[in-house]
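Colleague: I would like to go through this model feature by feature. Please give the general idea each time, then the case at hand.

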Amino acid sequence: MSDIESAIGKSPPRLEAAEKAAGQALFSGDMVLPGMLHGALLTSPYAHARILSYDASAALAHPGVKAVVTAEDITGGAIGPLVRDEYALARGKTRYIGEPVAAVAAESEAIARLAARLVEVEYEELPAVATIAEAMAEGAPLLHEDFADYFKIYPAPENGGNLMTRGEAVMGRGTDGFDEADIVVEGVYEVGAQYHAYMEPVSVLAAFAPDGRVTVWSSTQSIFRVQANLHEGLGIPMTKIRCVAARVGGGFGGKAEVSGELVAVMLARKAAAPVRLVLSRDEDMTSMRARHPGTLRVKTGAKADGTLVAREVELWFDAGAYADDSPAVLSVSLQYARGPYNIPHVHVLGHAVYTNKLRFGAFRGFGNPQASFAGESQIDELAEKLGIDPIELRIKNAIKAGDRWLGGQTITSSALGDALRAVRAASDWTRPRAAPAGCKRGLGVSAVAHTCAFLSAGAIVRLQGDGTVIVNTGAVDIGQGSDTALSQMCAAALGLDIEQVSFATPDTDSAPYNYGTVASRVTYTVGHAVHEAAMAVRAQLFDHAAAMLECAPERLELRPGGRVGVSGEPARNAEVSFADIAGRSLYAVGGPITGSGSFMTSDPLDPEHTKTSGLLDLGVLSVRSFGAQAVEVEVDEATGAVRVVEAWCAHDAGRAVNPGAIESQIHGAFTQGMGYALTEELLWEDCRLVNPSFMDYKFPGAMEAPERINAIVLETPEVSHPLGVKGVAEQPLVAAAPAINNAVSAATGLRLKRIPLTPERVLNALLAKG
Amino acid sequence: MIIEEEFTVEAALGHVWNCIRDAAFVAPCVPGCQDVEDIGDGAYRAAVKVGIGPIKTVFKLDIQVSEEAPPGFARIETRGQEGTNASRLTAKSDLTLSAAGAGATKVHYRSDVQVVGRLAKFGLGIMKKKAKALGAEFAENFRAAAEAGSPAAISGG
Amino acid sequence: MDISLRINGEECALSVPASRTLLEALRDDMALTGAKNACNQGVCGSCTVLVDGMPVNACLVLAVNVTGRDITTIEGLGEGGELSVVQQAFVDAGAIQCGFCMSGMIVSATAFLAHNPMPSRDEIRTALSGNLCRCSGYVRVFDAVALAAQRLSP
Amino acid sequence: MDFYQPTSLDAALALLAADPEALPLAGGATLVAMMNADLVEPSALVSLRDVAELQTIEAAADGGFRIGAMISHAALADEARLGGGNEVVRQAAARIAHPQVRNIGTLGGAVAHGDPSSDLPAALVAADAAIEIAGPAARRVVAAENFFEDYLTTALKPGEMVSAITLPVQPEGAVGHYEKFARVHGGYATLSVAVVLAMAGGECSHVRVALGAAGATPVRVDAAEARLLGSVLDADAVRDAAAILAEASDPIDDVRGSAEYRLMLVPRLLGRALAAAEGGA
């Protein structure tokens with residue numbers, strides 16, 4: 001790395017850190033506009049019911065109420081990223097308790113909330129299905145009778161009743177491969193529903209200008225997904241939709257698709273006034289989305305020497321009342337059900353099923369946490385039966401550069417072996433752990449792979465009058481630090497210091513298209529476009545400099561701090577500054593210097609390598625990065641309580657743009673994965689969510705934080721990226737639950753197959769084991 | 001949330017059936033029941049005061065006997081709300097009466113109650129215990145009333 | 001009701017209904033939107049402010065009940081546009097990610113350090129047990145408080 | 001909603017008597033949380049903030065303590081004088097939620113709320129505390145054990161409020177210990193065991209045990225304590241005592257644990273609490 005690219009590998013504080021520390025950061029719930037009204041939702045009290053009629057008269061008569069909207073105010077079509085099975089508000093039918101049915105705009109939030117309860121809705125209750133079993137039972141009531149007619153972008157099963165999607169992939173000889181196995185292990189694993197618990201509940205501010213153009217500030221992970229949904233769901237042409245990202249208080253996938261934006265826009269339109277809709281915590285937990293709960297039957301076969309030969313998985317996801325991202329989550333989950341190993345014979349089959357519960361959608365890891373909890377737990381069971389050290393077994397079968405993933409995509413670089421060796425050494429793997437009286441301690445391991453290139457992204461880099469540059473990508477920083485990292489990549493490409501780069505607030509009026517801050521993609525995918533755009537600016541800078549210095553562009557070089565000079569002649573007069581060039585371009589020759597970049601992930605699957613059916617086009621998802629974790633836990637034998645003592649998390653970032661930010665992502669993702677493993681579970685009684693509050697849904701606090709989380713950032717440069725970078729924000733969550741489960745096994749000898757590992761479940765298992 | 005109660009009344013089946021189907025008779029036995037109105041053909045309206053500690057409210061209920069096989073079985077559908085729709089209640093209850101020798105009657109009722117809204121946020125565990133206690137209290141009141149005399153003989157609640 | 005609160009050293013007259021929480025008064029009446037509402041039940045700590053120097057959940061305190069008291073919010077920690085030592089330490093330690101919990105976190109840390117100049121890591125952990133964060137995993141948050149303590153100590 | 005800030009207990013009581021729908025506002029940790037959740041809409045609030053009489057901790061002549069209702073959990077947790085057997089109350093206050101709530105919540109507020117899974121009720125029963133009640137007509141004292149009647153239901157009559165808690169002088173050498181098990185630190189207890197224990201010559205000379213989150217009220221059984229009295233707190237004695245306590249318990253099923261699990265924890269946490277108290281003796 002020449003000193004030109006010095007902006008990479010540094011950990012400057014985030015660009016917006018000071019603003020956030022001062023309490024000045026403006027989240028959409030903090031924003032106020034003159035004449036602004038407040039929105040509130042009326043949600044369905046029934047899990048499944050036809051909506052017969054509305055009577056908003058009482059609500060409208062209430063002093064301070066300015067507008068009431070229901071499905072009758074919908075002026076667009078159905079929405080949904082993969083199957084259009086949903087509307088801005090429940091339309092014709094309501095399909096889960098807590099589904100938004102109507103909304104009110106009023107002078108205060110209190111009035112809006114009270115008036116929302118005055119909107120009378122006549123329902124005709126229908127039988128509901130609370131579980132996958134009930135939903136798939138013969139003659140079960142159908143949530144989406146006309147599912148077959150919905151617009152879809154994936155191959156859906158025909159007349160499957162409540163079956164939303166069925167995906168399958170077969171590699172090598174499929175299950176016949178088990179005939180090569182000396183030892184086979186099989187088990188059924190269950191995973192609970194995890195809530196994102198972003199600290200900022202869903203919030204939106206929408207305002208129409210007199211010309212009918214709406215501006216929406218919202219807490220979202222993708223301003224373009226908001227724009228697309230407003231267009232599809234309300235029929236507003238994109239020329240009349242401007243989406244701006246306010247500061248976002250965490251998303252973790254929960255804000256990848258729309259949350260309250262359509263309702264706020266409907267209210268703002270009808271009330272002809274700006275409307276701010278901010279959900280309360282229990283509304284957010286009851287009405288929005290969570291991670292897919294489900295069941296995975298996994299079977300793995302290996303030779304006596306530890307060579308993995310066959311893997312079979314059958315997976316059932318409860319997808320809730322609307323698809324949201326479910327078909328994609330299922331496809332990704334299946335693609336990771338083989339695990340990061342060279343298993344030749346694989347057969348994976350998955351189903352996602354509609355039930356009368358809130359929608360299950362994108363959440364950090366996107367189906368991989370479920371598959372990895374089952375797969376990585378079973379690998380440890382196999383290691384025990386084979387009498388091989390769990391890390392040895394993983395290293396032996398670890399996938400390497402040049403190998404092919406399930407589906408046929410070629411692995412461009414793999415640091416899996418390095419990661420496993422790193423955590424083995426760092427955790428002093430073989431040293432037995434002493435535990436206080438009444439407790440047992442153990443060390444567990446897990447391996448992980450996840451993608452970081454997904455769909456498309458654009459970038460524009462513009463030279464400013466003083467020779468600094470501004471980057472505009474439309475990628476929303478939801479707290480993971482992408483504003484800073486992308487600015488660093490741009491600075492590196494132009495030899496600038498980070499202070500010489502500013503980052504444009506994501507705004508559909510000015511930003512190039514970007515799918516969204518999802519799938520660990522921003523560093524790699526958007527980074528690609530930023531680099532390309534910066535190089536386009538570099539070329540224009542060199543053209544100008546060549547003229548100004550009267551030499552061929554090829555003889556020029558970038559010099560740190562925003563200068564272009566003749567290589568080999570360091571003297572002052574043999575260089576020009578970016579500012580000089582900017583002046584020339586703006587006022588003399590050539591016109592403004594702007595570079596743009598555009599990138600599309602394309603790594604088509606190979607049907608010869610893997611037969612698939614019912615899966616999404618996974619060719620738009622590629623470039624895997626690898627990692628491993630070792631975790632030490634302490635189990636209290638009297639209560640069954642599990643505590644994480646310490647964790648060692650090695651993850652390959654290709655080339656660490658901002659090492660500090662990557663370590664922070666590892667700390668946060670591991671802790672979120674620890675919550676998934678130990679305490680976090682949404683619970684239903686039939687179709688009613690019973691713990692929609694932070695009082696009853698517990699995720700790790702300061703007291704639960706491990707004594708140490710050792711973040712180990714590996715750097716195996718990614719050949720397919722100009723700067724060699726990869727994204728790692730989801731991996732550390734994916735690896736946590738299986739590593740913790742394996743550590744509990746090491747400590748107690750138990751082989752638990754259901755998360756979260758609540759104290760009650762652990763104690764009962766301890767007693768059953770005797 | 002399931003509330004199930006089974007108790008024996010020292011009175012003849014026919015008599016117990018008449019008692020249980022007479023709203024004016026049953027109302028005083030329901031703890032917190034303030035008034036009940038018979039709207040005809042198995043439909044009733046009732047107001048029931050409910051409280052746990054400082055939380056006090058009145059559920060306005062619409063009750064409909066949806067199925068009936070006198071004198072042994074009745075299915076009752078209930079819908080209600082409190083605090084201008086702050087919470088909503090729906091319940092499906094099955095009531096079965098059977099002769100239990102020597103002029104006694106076994107009363108068994110099982111209702112599946114769903115509460116949504118502010119009261120549901122409060123905590124299912126406590127609500128179940130409270131509901132169970134209300135169920136037991138009703139059983140005790142009804143048994144005493146049914147054994148004491150016929151519907152007409154009942155004094156105010 | 002007409003009340004007066006001393007907010008960040010400035011006497012503020014307000015007329016609020018009795019049911020208005022201090023959090024609502026700060027955010028809606030005083031446009032001090034640093035304190036956040038992530039749960040409104042006193043569990044998450046994102047609404048932490050100081051009343052007479054003590055960290056409290058502003059969502060559980062009625063504005064009328066703290067009339068005449070000294071209220072300190074995140075906006076009042078810095079001096080003349082400069083970040084306080086604790087605020088700067090959170091920036092420098094890389095503790096801030098999405099930032100939504102940070103106002104409450106920094107206010108809690110500030111009050112804690114005022115009474116515990118050289119805390120152990122466990123004492124820092126206990127002091128912040130009422131401030132939930134979903135992004136950081138708390139590692140850099142503890143580092144930031146330790147850094148602030150070091151910079152504050154003579 | 002009206003709001004009053006009287007400066008004397010009598011004035012507060014008069015205000016409460018004038019409006020049966022009015023409620024006293026102590027710290028607000030539970031009351032304001034319920035108001036925020038739309039569960040309670042009092043017609044008036046009588047703030048006790050400026051009632052000095054309720055804000056004192058006095059060492060009583062007999063060596064016990066009289067603690068004013070408006071003492072915050074934080075102040076109670078920092079009260080070094082609450083040692084020996086009364087340590088159980090100090091520890092319980094220190095385990096409530098987290099710093100912010102401990103700075104807001106008050107002893108009187110928590111006691112009047114009467115939530116069996118909160119921390120102070122069981123500790124007060126184990127310490128054999130008495131609840132001083134001030135009413136429009138008269139002042140009366142009720143033993144903590146009889147004060148808690150059901151979920152969120154106490155001996156308080158309309159217009160009455162808790163004015164103070166008196167902790168008795170504990171037996172010589174007694175040690176208090178509050179053992180709380182919750183899914184995460186600061187959460188409501190799945191089960192808690194409050195113990196006051198004195199040992200003499202290696203044998204148990206005094207013991208009071210109360211369980212939190214084990215029923216509608218704190219669970220205490222004479223027979224369980226009798227089984228421990230005179231024993232060396234051997235495993236059998238602890239197991240039998242725990243069985244008696246479990247028999248008298250009727251815990252709820254909720255997200256913090258099933259009833260069965262809570263009952264399973266009774267012997268385990270009782271053993272741990274007694275060992276900790278004995279260690280401290």
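Colleague: How many helices and strands does the secondary structure of chain C come to?

Modeller: This is a predicted model, in which local features need pLDDT of at least 70, side-chain atom pairs count only at pLDDT 80 or more, and totals for chains, interfaces and linings use all residues. Residues are numbered from 1 along each chain as its sequence is written, while chains are lettered from A and ligands numbered from 1 in the order in which they are written. Helices (H or I, at least four residues) and strands (E, at least two) are DSSP runs, numbered from the N terminus. Chain C has five helices and five strands, and along the sequence they follow the pattern β-β-α-β-β-β-α-α-α-α.

Colleague: Into which domains is chain C divided?

Modeller: Domain bounds come from an automatic or database domain assignment. Here domain 1 covers 2-74 and domain 2 covers 85-152 of chain C. Their centres, taken over C-alpha atoms, are separated by 21 Å. Two residues are in contact if their C-beta atoms, placed from the backbone, lie within 7 Å. By that rule 15 residues from domain 1 of chain C and 12 residues from domain 2 of chain C take part.

Colleague: Which elements give two or more residues to the domain 1 side of chain C?

Modeller: Strand 3 (48-51) and strand 4 (54-57) of chain C do, and strand 3 of chain C has the largest share, three residues. For composition, Ala, Val, Leu, Ile, Met, Phe, Trp, Tyr, Cys and Pro count as nonpolar, Asp, Glu, Lys and Arg as charged, and the others, Gly among them, as polar. The domain 1 side that touches domain 2 in chain C has nine nonpolar, five polar and one charged residue.

Colleague: What radius of gyration does chain C have, against that of a compact globule?

Modeller: The radius is taken over C-alpha atoms, and the globule rule is 2.2 Å times the number of residues to the power 0.38. For the 154 residues of chain C a compact globule would be near 15 Å, and chain C has 15 Å, which agrees. Chain D, with 281 residues, has 19 Å, in agreement with a globule value near 19 Å. Along the principal axes the C-alpha trace of chain D spans about 55 × 45 × 30 Å.

Colleague: What percentage of chain C is buried?

Modeller: A residue is buried if 20 or more other C-beta atoms, placed from the backbone, lie within 10 Å of its own, exposed if 12 or fewer, and partly exposed in between. Buried residues make up 65% of chain C and 60% of chain D.

Colleague: How many residues of chain A are in contact with chain C?

Modeller: 43 residues of chain A meet 40 residues of chain C. Helix 1 (17-21) and helix 15 (659-678) of chain A each supply at least two residues to the chain A side; helix 15 of chain A gives the most, seven residues. The chain A side divides into 21 nonpolar, 16 polar and six charged residues.

Colleague: What is the strand order of the open sheet in chain A?

Modeller: Strands of a sheet pair through backbone hydrogen bonds, either parallel or antiparallel. Two strands count as paired if DSSP finds at least two bridges between them. The seven strands in chain A have the order 26-7-16-15-14-8-32, with mixed pairing. Strand 26 (610-613) and strand 32 (754-755) of chain A are the edges. Strand 7 (residues 163-171) and strand 16 (residues 345-354) of chain A are antiparallel over eight bridges, and Val170(A) has His347(A) in strand 16 of chain A as its bridge partner.
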